[in-house]
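Please work through the exercises below with the sequence and the model open side by side. Each task is followed by a solution that goes step by step.

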Amino acid sequence: MERQIRGIPASPGIVVGYVHLLRWEVPDVRHRIIPDEGVSAEIERFHAARAQARDRLQQLRTRVEASAGPEEAAIFDVQLSILDDEELTRGVAELIRQNLAAEKAFDEVMLEWRNRFARHSAAMLRERVGDLTDVHIRVLSLLLDLPDHDPVSVPPGSNAILVTHDLTPSLTVQLDRSSIAAIATDAGTRTAHVAILARSLGLPAVVGLRTATTDLHGGERVVLDGGTGMLAINPTDEEIAAYHERQREEEVAEAALSELAALEAVTLDGVRVILRANVDIPEDAEAAARSGAEGVGLMRTEFLVVGRPNMPDEDEQYRAYRRVLEAFEGHPVIIRTFDIGGDKLPIGGFPTEPNPFLGWRAIRMCLDQPEMFRVQLRALLRASMHGNLRIMLPLIVTLDEVLAARRLIAEASHELTGRGVQHRADVPLGIMIETPAAAVAGDTLAPHVDFFSIGTNDLVQYTLAVDRGNANLAPRYTPLHPAVLRLIRRTVEVAELADIDVAVCGEMASQPLMAFALLGLGVHQMSVAPRSVPLVKRIVRSVTAAHAEVAASAALRALTAEQARHELASRLADVVGNAPYLYDGLPDSR
Ligand code: PEP
Ligand code: MG
């Protein structure tokens, strides 16, 4: 008999598979003293664990190099060099000579190193903390004889459903797609980046399950339904057959939607809407182009960095941007400069920040590291020769940031000219409106930029002071809150007055009811995950803009998000009926 746990639908798809429980946490270590005569054997035991960890890392390195390439594999070099560090091994041996058991000696030295690195003034060393943690877990697991929970050690073809407490985007990109079929996490929400990335990778995912890692032991047969946010444990054969039937129905519905790809996104009263795709990894570009998207409304370039120990160089970035531009054959492609920080971090991250989403993130980090930023800007200006590029800056709060970025773009162009490299110097520059500061004071920014794109994922988080990735707060994360609707409306008005484009590229646009609301608020450009393009197109083609405006006006007058939702839903139902897909992904649909 099956039992179900409900979570938040994060990435659609039904998968029947077996649980691979991942506990990638530093285990607890008890204080243990060894007698003098056991010291040399204990030192030997430490070196044996180290050698075993090294062999394991070498195997992983080889496998990742074959599947993902040399750059991805380089993350293991850092960990290998930590294992071989003489100061570290000497420190551990020293403590064992003072009669500490090997696991305790190693634990103490690693804790000391992690603290030291985490507080270091050099970003390079701070970034090593994640590697230290990985080595810490790996060697301790061997010394304590714990089961192998390695995130990347699932055998290929296992059809494993990875169940874990939380997953960082950097771990997600390392997952071997040939063995992991779906992801389930206790933590997270629909707008957490792990959910966004899972959608990009086409990996079905349910997040916010809260108790999955305690309810499951590993090895159980489960069904994960990423469209409804459900995890069924030990289903019967009949139940599995029913899921397969649903899977087939979904495929048929999706095929019907894909027929819309060639049609225009135009409302019944003739208002033309531009639908673009969000592309998170360059490999997605061709499929996104086939979805019927008229360009890219947001390329999240930081996914070139997360899960990697170092920044991609100018040529590698140039190739990635060029690939996306060429896939879209002259349609606008908006590439956002690095939004690193928050929950999107390279291997190692920046662990010293107490409030990462209010911290050293996105444009702040880029402006503080102009050398690094100019590499990206040069790659972008070069790539602009191959299509219709627009550059977008994330997390803008003040005009100074825009002006500083403009100066760096001019410098990057100057450098390319000096090198005799062909490029465009006049690439349009736009900004994300994703902080209340930018939305309220949009009039100070509009005259200096070529377009606005509203990032509702962050705008909702910062306006409502609700962490976008916190599963416990998911019901409070309400994009239809009056404050959010007013900020969106205001942004549209400011853009219209300044005669610049305004789009929405947050997840809000991909949910049918919300897309209807945005249309009514005057948003005529939206960018959504490629899979959602046909769905949003269907809504646009089923309604009149006039009807959407009436509904949005009522929503703007509502006193709460729930009332606004009711105003919108009843008016949308008037024209398209009560199809359940309309409510997909709403915060309270869990
Ligand atoms: C947003 O904040 O809405 C957005 C599109 O950017 P990201 O999700 O990458 O923060
Ligand atoms: Mg954002």
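The exercises that follow treat confidence, domains, a metal site, salt bridges, nonpolar cores and a helix.

This is a predicted model, in which local features need pLDDT of at least 70 and side-chain atom pairs count only at pLDDT 80 or more, while totals for chains, interfaces and linings use all residues. Residues are numbered from 1 along each chain as its sequence is written, chains are lettered from A and ligands numbered from 1 in the order in which they are written, and side-chain values use heavy atoms, with hydrogens and water left out.

**Exercise 1. Confidence and domains**

Task: State the mean pLDDT of the protein, and find the domains into which the protein is divided.

Solution: Begin with pLDDT, the predictor's confidence in each residue on a scale from 0 to 100; its mean over the protein is 89, and 91% of the residues reach 70 or more. Residues 584-590 have a pLDDT below 50, although this stretch has 23 contacts in the model beyond near neighbours in sequence, a contact being heavy atoms within 4.5 Å. Where pLDDT is low, the predicted coordinates should not be read in detail. Next, list the domains, whose bounds come from an automatic or database domain assignment: domain 1 covers 3-24 + 150-251, domain 2 covers 36-143 and domain 3 covers 263-584. The C-alpha centres of domain 1 and domain 2 are 30 Å apart.

**Exercise 2. The magnesium site**

Task: Determine which residues coordinate the magnesium ion (ligand 2), and decide whether Asp 458 is buried or exposed.

Solution: First collect the donors, which are N, O and S atoms within 2.8 Å of the metal (3.2 Å for Na, K and Ca); water is not among the atoms, so sites may look incomplete. Glu 434 (OE) and Asp 458 (OD) coordinate the ion at 2.0 to 2.1 Å. These two residues link distant parts of the chain, 24 residues apart, with Glu 434 in the loop between strand 13 (429-433) and helix 17 (436-440), and Asp 458 in helix 19 (residues 456-464). Helices (H or I, at least four residues) and strands (E, at least two) are DSSP runs, numbered from the N terminus. Then check accessibility, where buried means under 20% relative accessible area, exposed over 50%, and partly exposed in between (1.4 Å probe, protein chains only). Glu 434 is buried at 1% relative accessibility, and Asp 458 is buried at 3%.

**Exercise 3. Salt bridges**

Task: Identify the salt-bridge partner of Asp 458 and that of Glu 314, and place each pair in the chain.

Solution: Apply the criterion of a side-chain nitrogen of Lys or Arg within 4 Å of a carboxyl oxygen of Asp or Glu, which gives 41 salt bridges over the whole structure. Asp 458 meets Arg 468 at 2.8 Å, N to O; Arg 468 is in the loop between helix 19 and helix 20 (482-498), ten residues from Asp 458 in helix 19, and both residues are buried. Glu 314 pairs with Arg 419, with their closest N and O atoms 2.8 Å apart. Because Glu 314 lies in helix 13 (residues 314-327) and Arg 419 in helix 16, this pair ties together parts that are 105 residues apart in sequence. Glu 314 is buried, at 9%, whereas Arg 419 is partly exposed, at 46%. Finally, both residues belong to a network of salt bridges, whose members include Asp 315, Glu 371, Arg 374 and Glu 411.

**Exercise 4. Nonpolar cores and a helix**

Task: Find which residues touch the most other members of the largest nonpolar core, and explain why helix 22 is described as largely enclosed.

Solution: Take a nonpolar core as a set of buried Ala, Val, Leu, Ile, Met, Phe, Trp, Tyr and Cys residues joined through side-chain atoms within 4.5 Å. In the largest core, of 101 residues, Tyr 321 and Phe 452 touch the most other members, and helix 16 (residues 399-419) gives the most to this core, with eight residues. A second, separate core of 36 residues includes Ala 49, Val 78, Ile 82 and Met 110. Outside four places in sequence, the contacts of Tyr 321 include Met 299, Leu 304, Phe 338 and Gln 376. Turning to helix 22 (residues 533-542), seven of its ten residues are buried, so the helix is largely enclosed by the rest of the structure. Among those buried residues are Val 533, Leu 535, Lys 537 and Ile 539, and the buried residues pack against elements including helix 11 (237-258), strand 9 (274-279) and helix 24 (561-576).
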